[in-house]
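This briefing is meant for a reader who is meeting the structure for the first time. Please look over the sequence and the model below before reading on.

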Amino acid sequence: MSVLKDTAQKALQTAISFVPDRWLPGAEPDPMRTKHGLIGAPVSRVDGPLKVEGKARFAAEVPYENMAYAALACSTISRGRIAALETAKAEAAPGVLLVMTYRNAPRMAPPPVMNSAPKAAGASDLPVMQDADIHWNGEPVALVLAETQEQADYAKSLIRVTYDLEPAITSFDVAKTRAHPPENILGEPSSIEFGDAEAALNGAAHRVDLMYRTPRYNHNAIELHAATVAWEGDKLTIHDATQMVNSTAWTVAQVFGLKEEQVRVLSPYVGGGFGGKCLWNHQILAAAASKLAGRPVRIALSREEVFRIVGGRTTTEQRVAIGAKPDGTLAALIHTGVAAMTTHNSCPEQFTFPARHLYAADTLKVAQDVADMDMVANTFMRAPGESIGTFALECAVDELAETMQLDPIELRRRIEPEKDPTTGHAFSSRNLIEAYRRGAEKFGWDKRDPTPRARRKGEWLIGMGCATATYPYYRMPGGAARIRLTREGRAIVSTAVHEMGMGTSTVQQQHVAARLGMSFDAVTFEYGDSTLPAGSMAGGSSQTASISATIIAATEALTKELLKLAGNDSPLAGLKPDQVEARNGGLCKRDEPDRFESYASILGRSQRQEVTCEASGPLPLEAQKYSMHSYGAQFCEMRVNMVTGETRVSRFLGSFDTGRILNSMTATSQFKGGIIMGLGLALTEETNFDARFGRIMNPSLAEYHVPVHMDVPRIDVIWNDIPDPHSPLGAHGIGEIGITGVGAAVANAVYNATGKRVRELPITLDKLL
Amino acid sequence: MHCTINGNRTEMVIDPRTSLLDFLRDHLGLTGTKKGCNQGACGACTVLVDGERINACLAFAVQYQGRSITTVEGLSRGGALHPLQQAFIKHDGFQCGYCTPGQLCSAIAMANEIERGIPSFVTKNLSTETALLDHDELRERMSGNLCRCGAYNGIVEAISETFAKEPA
């Protein structure tokens, strides 16, 4: 099956590389990519007033009459079977409506796992509370439904479960002895090799050959996972906190044997996602309990349950080996390793992706394996793969530069490729060296002393480091947008997309206003509801490009329709769509702006109150023809205490090359947010996993240390703002690029400060003493 | 039993196990106050009790009989946003907006603590009458309010601007 898929994909890629540019979407550059007006402007968030007043309503805040509250009891073993399940006391407790276990749960199909079908959203394809089998430590075994949350929480404490234990693989060290290549990595091969990289490495004038380790991480969005669900006959409504309304609706429909249209998922506000707000057990269990009880149900996970039931970023062990020739070009680049995974999910943590596209080398070997473990399904977390892959790769590049006595930025200049090293495709837009140049100048890189421990202030050692950031450009197929244009001069644009704080609605309102030649306030952007035209999921930094492409398609359809309605009496009579452009609330001839008619006039003359057009975006073929990625240069200044080993980030600058920036204010926030999550990845965050029992040992924000105010200095971000000629609006998504490279920039700065190379994250003080 | 919430006298007919946070959210529908951990680690539930900041998740509602509680819903005056709310929008002091109500309430009480000369861990001169609203003081005192989107720079700018101009 997947072999067939791979073959088909390869055939398609080969075919596309011969397709003339003019046939490809985005090959004719979007004329809006260089237009200004509101695009690029620092427009404040449209939902700002709602959010500062606490009026934006999140999933756990939707009221229903007669609502019941759910609480979960979770497994305390990693693998085995439920031997005895005592629920009578809980059932008899005050206010309890029912206790649901595998014995009385409705029969449900396993959720199709992500990537197994276009709209599959299952984090794993394990059955949900259907039998006595236990698959991970923390798997829900019972759900209590009660009149109040307090009653449900108390009753759950009365449930007693005993288990028949079966051997479980809960040690990564054990699991990796049986590591194997996954079928593919997000559709890419798990290994690529050209030339004999090991031989070239051995013969190289300069070489490094290093091992890196990264721990498990959890997203820890501040909003806890929650859903409020209600059945009306055979129709299910889920008020969810999700990054994928359409996929959730489709997948839940498969679970309950419904048609996709029978499940409506709403998610207008999401209190942080980062890859974690997808479909997990809790939404399915809430819907099942609601069905049993015949009442609306609210389920809100505790912070501990989020750790146990929602997976995070997996742990990895990575080898990076680089061989360089005397002139500083590379003879060999090797990036291999293994990530922990389960047999029932589809997230192999693509840490070798950066090495496939970043640098020129005579020979290359990338290969990554997965090690199957009995644990909650690991999942996508902000720049899955690239965040920790750049940690290993960019630390190794820094070590190589030192071996060669070269400035690390100069080394990167010498290994800059002319075309994509693995695909051979031309880069659509790559200005990494420019990002380094501008970043170095603004950061004051020339003041760095390459000798470690050379700068000191009191008991603090001070060092500087840099690293490359990179993340692919993705645009998702299958989305659509609808534009409704009214005679009063309003445009209502609808597509089932997501707002988790990225500024989606604000940016698209800017976009539509510019594209239709209307004022910002005349545009409304509707999203977050699966009954709207199907939208892109918010993942892979793909949403902005995906939505923009559908809006372009819908605008083209609208222009055609308007020209038809304008008819022969209009100044626009006889013009074709490509001869007109939108301006001042109407259309005009591109090179003869006086031939103009307003939308209101066109609709009025044709006696229409409004006109509505819906269209799908074209397939994202541009990414098959070109190597499309975002880039950046991350600069960090660290202070490390000589006595205690404490670390402080004193300065940080990110210089990005991500196509055109659509809103300088929200973009700044996204870049900074990524960098800050990167500081956590580098210095403080780690999910402690008990290798004996497979239980997460620090499932709380008191013991899992996300960066706080005091950990974060003023961060500078700058960008090239060079439009990509092959993407809608010339833009790239920027949600994930910010976190990439940060781990390495920090580690390289720590080395420059202390002379210690820490190759295992996080860089806590015990590793520096 | 009653308390005052955002200036309104409010009857409390509740299970003694109900936290102040759940009382606000589930019983009164005042969902502006957020639940991020329910164990006092994230600060999203910060509200003001007689002007002082507390984590509403660590408090039983019944402890607050007769007290005056202000939540994010009570910060605006006569339909106009509080200057700090406006500054959060201006400086983009949030992304998803979930920690925002707690950040706002916490910052308002913090400015008052500084005005009253209450020292913090980073206060250099403990004998001084008034602590400074400088970058380190502000970050230290706000460190109980987590923001996973990483809007810290904008939050700090918004607080600095609001309370530097207009002492609380």
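How many helices and strands does the secondary structure of chain A come to? In this predicted model, the answer is 19 helices and 27 strands. The radius of gyration of chain A is 27 Å, close to the 27 Å that the globule rule gives for 769 residues, so chain A is as compact as a globular protein of that length.

**Chain A as a whole**

- Of the 769 residues in chain A, 59% are buried.

- A:Gln283 has its place in helix H8 of chain A, which covers residues 281-293.
- With 29 other C-beta atoms within 10 Å, where 20 or more are required, A:Gln283 is buried.
- Leaving aside residues up to four places away in sequence, A:Gln283 touches A:Ala227, A:Ile238, A:Asp240 and A:Val252.
- A:Ala241 lies 42 residues away from A:Gln283 along the chain, and the C-alpha atoms of the two are separated by 9.7 Å.

**The two domains of chain B**

- Chain B is divided into domain 1, residues 2-74, and domain 2, residues 83-165, and the centres of these domains, taken over C-alpha atoms, are separated by 21 Å.
- The contact between them takes 15 residues from domain 1 of chain B and 13 residues from domain 2 of chain B.
- On the side of domain 1 that touches domain 2, strand S3 (46-49) and strand S4 (52-55) of chain B each supply at least two residues, and S3(B) gives the most, with three residues.
- By class, that side of domain 1 of chain B has six nonpolar, six polar and three charged residues.

**Where chain A meets chain B**

- The contact between the chains takes 47 residues from chain A and 47 residues from chain B.
- On the side of chain A that touches chain B, at least two residues each are supplied by helix H2 (48-52), helix H4 (149-156) and helix H18 (664-683) of chain A.
- The largest share of this side of chain A, seven residues, comes from H18(A).
- By class, the side of chain A that touches chain B has 22 nonpolar, 15 polar and ten charged residues.

Key:
Residues numbered from 1 in each chain as written. Chains lettered and ligands numbered in written order. Predicted model: local features only at pLDDT ≥ 70, side-chain atom pairs only at ≥ 80, totals over all residues. Helix = DSSP H or I, 4+ residues; strand = E, 2+ residues; numbered from the N terminus. Rg over C-alpha atoms; globule rule 2.2 N^0.38 Å. Buried ≥ 20, exposed ≤ 12 C-beta atoms within 10 Å, placed from the backbone. Contact = placed C-beta atoms within 7 Å. Domains from an automatic or database assignment. Nonpolar A, V, L, I, M, F, W, Y, C, P; charged D, E, K, R; others polar.
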